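Subject: Structure for your files

Hello,

Here is the structure I said I would pass on. Notes on what was found in it follow below.

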Amino acid sequence: VEALAAERFDTILGMQILEHTEDDAAVLDAFARLLPDGGRLILKVPAIKSLYGETDRKLQRKRRYDRGELEGKLAAAGFVVEEVIYVNVLGILGWYLNSVLLQRPTVGAFQARLANWLAPWLALEEKWRPRFGMSVLVVASKRPR
């Protein structure tokens with residue numbers, strides 16, 4: 001963070017990184033120090049804690065997030081959540097089966113082909129705006145001091 005302190009940021013984009021850190025609260029605090037008041041933080045993290053399994057461990061993820069936990073950590077770091085968007089409802093069942101129940105470290109070839117086939121259907125989520133999904137995209141702004 002110190003190396004970046006002289007830089008000026010209005011937005012920080014963190015895609016699939018927060019879940020890999022030991023101390024995610026410290027990372028959020030560092031992001032808050034780098035942003036001016038009103039600066040935006042856009043995060044994408046894996047959602048639904050109960051989906052955490054062998055595949056997550058293989059990907060070196062430390063955690064998955066529930067909405068309340070993530071919003072709480074953002075608030076503690078000085079952010080106000082503006083928008084929460086869940087994505088990939090279709091992958092939940094397959095992830096649970098493979099990663100949690102069967103404890104597979106990777107997605108098999110058949111499941112990968114199935115996921116590729118289902119991917120165009122994920123565009124429907126833009127209109128539907130589901131209340132849950134395998135990942136969550138959060139847009140937050142830094143509260144004025």
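A term needed throughout: buried means under 20% relative accessible area, exposed means over 50%, and partly exposed is in between, with a 1.4 Å probe and protein chains only. By that scale K73 is partly exposed, with a relative accessible area of 23%, and E69 is partly exposed at 23% as well.

On provenance: this is a predicted model, in which local features need pLDDT of at least 70 and side-chain atom pairs count only at pLDDT 80 or more, while totals for chains, interfaces and linings use all residues. Residues are numbered from 1 along each chain as its sequence is written, and side-chain values use heavy atoms, with hydrogens and water left out.

Confidence. The average pLDDT of the protein (the predictor's confidence in each residue, from 0 to 100) is 91, and 97% of the residues score at least 70. Helices (H or I, at least four residues) and strands (E, at least two) are DSSP runs, numbered from the N terminus. Where pLDDT is low, the predicted coordinates should not be read in detail.

Sheet. Four strands form an open sheet with mixed pairing, in the order β1-β2-β4-β3; two strands pair if DSSP finds at least two bridges between them. β1 (11–15) and β3 are the edge strands, each pairing on one side only. On average, neighbouring strands of this sheet are turned by 15° against each other, direction ignored. The axes behind that value are lines fitted to C-alpha atoms, for helices over the stretch in contact, and angles run from 0 to 180 degrees between N-to-C directions. β2 and β4 run antiparallel and are joined by seven bridges. P46 stands opposite S135 in β4.

Salt bridges. The whole structure holds twelve of them, counting a side-chain nitrogen of Lys or Arg within 4 Å of a carboxyl oxygen of Asp or Glu.

- E69 and K73 meet at 3.4 Å, N to O. Both lie in helix α3 (residues 67–76), four residues apart, about one turn of the helix.
- E54 and R57 meet at 3.3 Å, N to O. They are separated by about one helical turn because they are three residues apart in helix α2 (residues 54–58). E54 is partly exposed at 25%, and R57 is partly exposed at 40%.
- R129 and E83 form a salt bridge at 2.8 Å, N to O. This pair links distant parts of the chain, 46 residues apart: R129 is in the loop between α6 (125–128) and β4 (135–142), and E83 is in strand β3 (residues 79–87). R129 is partly exposed at 40% and E83 is partly exposed at 34%.

Surface. Which residues form a nonpolar patch on the surface? They are L90, F110, L114, W117, W121 and L124, with about 690 Å² of accessible area together. Accessible areas come from the Shrake-Rupley method with a 1.4 Å probe, and for residues only the protein chains shown count as cover. Patches are made of residues with over 30% relative accessible area and no salt bridge, with like charges joined within 9 Å and nonpolar side chains (Val, Leu, Ile, Met, Phe, Trp, Tyr) within 5 Å. W117 lies in helix α5 (residues 109–118) and is exposed, with a relative accessible area of 58%.

Regards
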